[in-house]
Amino acid sequence: MRRTGPTAPVELSPGVRATLVTGYDAALHVLRSSETFSKDSRRWRDMADGTVPADCPVAPMMAYRPNALLTDGPEHRRLRQAITDSLGGVEPHALRGYVEQSADALIDRFAAAGEADLLAGYAQPLPLLVLNQMFGCPPEYGERLVEGMAGIFELVDAEKANELLTRTVGALIALKREKPGRDVTSRLIAHPARLTDEELVHTLVLLIGAGTEPEQNLIANSLRLLLSDDRFAGSLSGGSLPVEDALDEVLWTDPPMANYAVHFPVHDVLYEGTLLREGHPLVISFAAANTDPALAPEQHPGNRAHLAWSAGPHSCPAQGAARLIAAVAVEKLLDRLPDMELAVPVQDLEWRPGPFHRALAALPVSFQPATFQSAPFPSTGVTRAAADGLGTADGRPAGDEASASADRRDQAPPGGRRGAPAAAAPASGWARLLAWWRGE
């Protein structure tokens, strides 16, 4: 694609035409020029005239929603401020505790087996466990959130999955209106920006979506690098430096969202000889822009000028929290299982297809079996999350129902993998996570 210049014509799915921005300077130009390139997908001409049907697989990731990601100007600033303030109420120390407790509980479930799929058994469920606490989400909502996210990111019955996700988030909002707590959802509801019910739903869908698929990919891709690159050999349990270096490199070379940040020119634009048509989607390839040959000398540990968090007015407002979650998750795993090794050659690992993400299909590892005292899942017992408003739909403390759920899960290993043939596991990583969540 680079031979065509800093942009190239692509199809995101059959019949869905777009222009992919592959150059670093071109990507920055689009991301920072909101007066010329709009995020409002109501400008998407091919969808407006029916060329792209409303039920196409990529629609849930691109079609208009009234949230900060898909608005411009004053409306964007209002919605973004509500997000920034609500997330700002999560203390880093408390967030670290959420992650450590979730990580310990997950590791305890596979530590004695001597082998695990770190994607389905660790990188995928961990962000959801943490988000459930941050957003005051009752544990029984978790399965519906997993199922909704699975359909959207896997492009399988995406329209139905989107409806399920929207319905579940709407129920969470109704619950928090009745019984508010010290959580992100309650703070969004009470924010002076006075978000409407529709804005609340789509803001929470945005935050939950951004906090699951990209976060799991950041964790898994960093673990892959640490376990396969000789530069990190022998130092995996030696502190945070190698983990921080790995995060920087992954954000440069394997960003969790390879292609996204869809923009629409507000008028025809001629950019370096290429006509960018009004209303025709521009998709930023973070992966291509970050690996632009002109930037090769700039890619080194500590340099964070990559575009993995986007740039300009729509840069990720939660990048600090996202990086903290990933770093703690990786450090905790390496500390608990320092002899861990990939179970297959790194070149045999498979990547999940899809137009937007950079995501492993599985991350199998082996290690010396270890036995630990089982830690409760973060939603069980009296935890900081419970004090912050985590409860069940009928207002009871989360510990009662969540403990029963955890007991059911303890009766069977995650996804039924222990002692079962590999072929029996669901093929999709999200399907494996859903099976794990159900205790199957």
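1. His-314 lies in the loop between α13 (286-290) and α14; helices (H or I, at least four residues) and strands (E, at least two) are DSSP runs, numbered from the N terminus. This is a predicted model, in which local features need pLDDT of at least 70 and side-chain atom pairs count only at pLDDT 80 or more, while totals for chains, interfaces and linings use all residues. Residues are numbered from 1 along each chain as its sequence is written, and side-chain values use heavy atoms, with hydrogens and water left out.

2. His-314 has a relative accessible area of 14% and is therefore buried (buried means under 20% relative accessible area, exposed over 50%, partly exposed in between; 1.4 Å probe, protein chains only). Not counting residues up to four places away in sequence, His-314 touches Lys-39, Ala-68, Leu-69, Thr-71, Asp-72, His-76 and Arg-80, where contact means heavy atoms within 4.5 Å. With His-76 there is also a polar contact, side chain to side chain, at 3.5 Å. A polar contact is a pair of N or O atoms within 3.5 Å; within protein, one must be able to donate a hydrogen and the other to accept it, and residues adjacent in sequence count only if both atoms are side-chain atoms.

3. Ser-310 is in the loop between α13 and α14. Its phi is positive, about 70 degrees, although Ser-310 is not a glycine. Ser-310 counts as buried, at 15% relative accessibility. Ala-261, in strand β5 (residues 259-265), is not a glycine either and has a positive phi of about 50 degrees. Its relative accessibility is 7%, so Ala-261 is buried. For context, most residues other than glycine have a negative phi.

4. His-357 sits in the loop between β10 (351-352) and β11 (359-360) and is buried, with a relative accessible area of 7%. Its side chain makes polar contacts with the side chain of Glu-213 at 3.1 Å and with that of Arg-352 at 3.4 Å. Asn-259 is 98 residues from His-357 in sequence, yet their C-alpha atoms are 6.7 Å apart.

5. Helix α5 (residues 92-110) and helix α14 (residues 319-336) cross at roughly 40 degrees, their axes coming within 9 Å. Axes are lines fitted to C-alpha atoms, for helices over the stretch in contact, and angles run from 0 to 180 degrees between N-to-C directions. The two helices are therefore oblique to each other (under 35 degrees is roughly parallel, over 145 roughly antiparallel, 65 to 115 roughly perpendicular, the rest oblique). The residues in this contact include Leu-95, Val-99 and Ile-107 of α5 and Leu-324, Val-328 and Arg-336 of α14. By class, the contact residues are twelve nonpolar, no polar and seven charged; Ala, Val, Leu, Ile, Met, Phe, Trp, Tyr, Cys and Pro count as nonpolar, Asp, Glu, Lys and Arg as charged, and the others, Gly among them, as polar.

6. Helix α11 (residues 197-228) also packs on α14, at an angle of about 40 degrees with the axes 9 Å apart. That makes α11 oblique to α14. Among the residues that meet are Leu-218, Ile-219 and Leu-223 in α11 and Ile-325, Ala-329 and Leu-333 in α14. This contact divides into eleven nonpolar residues, one polar and one charged.

7. For the chain as a whole, there are 17 helices and twelve strands. Buried residues make up 56% of the 440 residues. Of the contacts between residues at least 6 apart in sequence, 73% join residues at least 24 apart.
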